[in-house]
Amino acid sequence: MKPFLLLSCRPEDAAAEGERLAVLAHSGLRDDQLHQIRVEQEPLPILDLGNYSGVLLGGGPYNSSDPVKSDVQLRVEADIRRVLEDVFADDLPFLGMCYGIGTVTAHMGGLVDRTYSEPAGPVWLRRTDTGHRDPLLEEVPEYFQAFVGHKEAVSQLPDEAVLLVEGDACPVQMFRVQKNCYVTQFHPELDVDYFVERMRIYQHAGYFAPETLDDLIDQARALDMSPAVHSILRRFIEHYAA
């Protein structure tokens, strides 16, 4: 099996490593089957995506709608755009989580802004009629919980997008483009422990009021979250590993 590629954009070492471990924990991949590149550290080299079974794009501190962007952010966005051009040209397997939904939407001419931001925490989501028929969502119940935390969101879908999962506070939670490109606003890689670890790292990053960290952790630990949300990640890997 060819490895999967994980593109990470998190400048915090603990957050980048936690993202890698969370993906490994809920994808079924071994360590040697996941190649992580931290895009924020240095320019992305020319990649032959044919060497990978699929591409995963994790979350990060950057927002497509940021009014002012650092040189590093502009370079990261340019590198990711180059990857997306290759993905869409050949309809390659792609799963973008959180940051991925904003980059794909902006790349395809949709609208990303601050209208539907959500503070960090669990939310209830539901599959659309089309979502009921998508192979990545076969194990997910009609209503399910997942962790979110984002300052921007999709307010207008790209024309080619097929909505798969929606929410009340944030309508666009997952969509597909072409046959093999998927993006989520929620985090299919996060369970309670990885969520708590990430919230400790980002306590002062503007995703929630810093003084509410302990309450947020207590709320997360009290959840009886179904592991079905992680099946999205696992099924993506299983489907394209072949």
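Analyst: In what follows, Ala, Val, Leu, Ile, Met, Phe, Trp, Tyr, Cys and Pro count as nonpolar, Asp, Glu, Lys and Arg as charged, and the others, Gly among them, as polar. The model is a predicted one. On that basis, the lining of the largest cavity divides into 14 nonpolar, seven polar and four charged residues. This lining comprises 25 residues in total, and those nearest the centre of the cavity are G60, C98, G149, H150 and Y207. Three elements, α3 (99-107), β7 (143-150) and α4 (192-201), each supply at least two residues of its lining. Of the lining of the largest cavity, the largest share is that of β7, with four residues.

The count of cavities of 30 Å³ or more comes to two. The second largest cavity holds about 40 Å³ of space. Its lining consists of A14, A15, G18, E19, L190, Y194, E197, R198 and I201. Here α1 and α4 are the elements that give two or more residues. By class, five residues of this lining are nonpolar, one is polar and three are charged.

Helix α1 (residues 13-27) also belongs to a right-handed β-α-β unit, together with β1 and β2. Within that unit, strand β1 (residues 4-8) runs parallel to strand β2 (residues 34-38), and five bridges join the two. Across this pairing, L7 stands opposite I37 in β2.

Notes:
Residues numbered from 1 in each chain as written. Predicted model: local features only at pLDDT ≥ 70, side-chain atom pairs only at ≥ 80, totals over all residues. Heavy atoms only, no water. Pairing = 2+ DSSP bridges. Right-handed = clockwise from strand over helix to strand, strands pointing away. 1 Å grid on protein atoms, 1.4 Å probe; cavity = no way out; pocket = protein on both sides within 12 Å on 5 of 7 lines; lining within 4 Å. Points joined across faces, edges and corners; volume = space filled by probe spheres on them.
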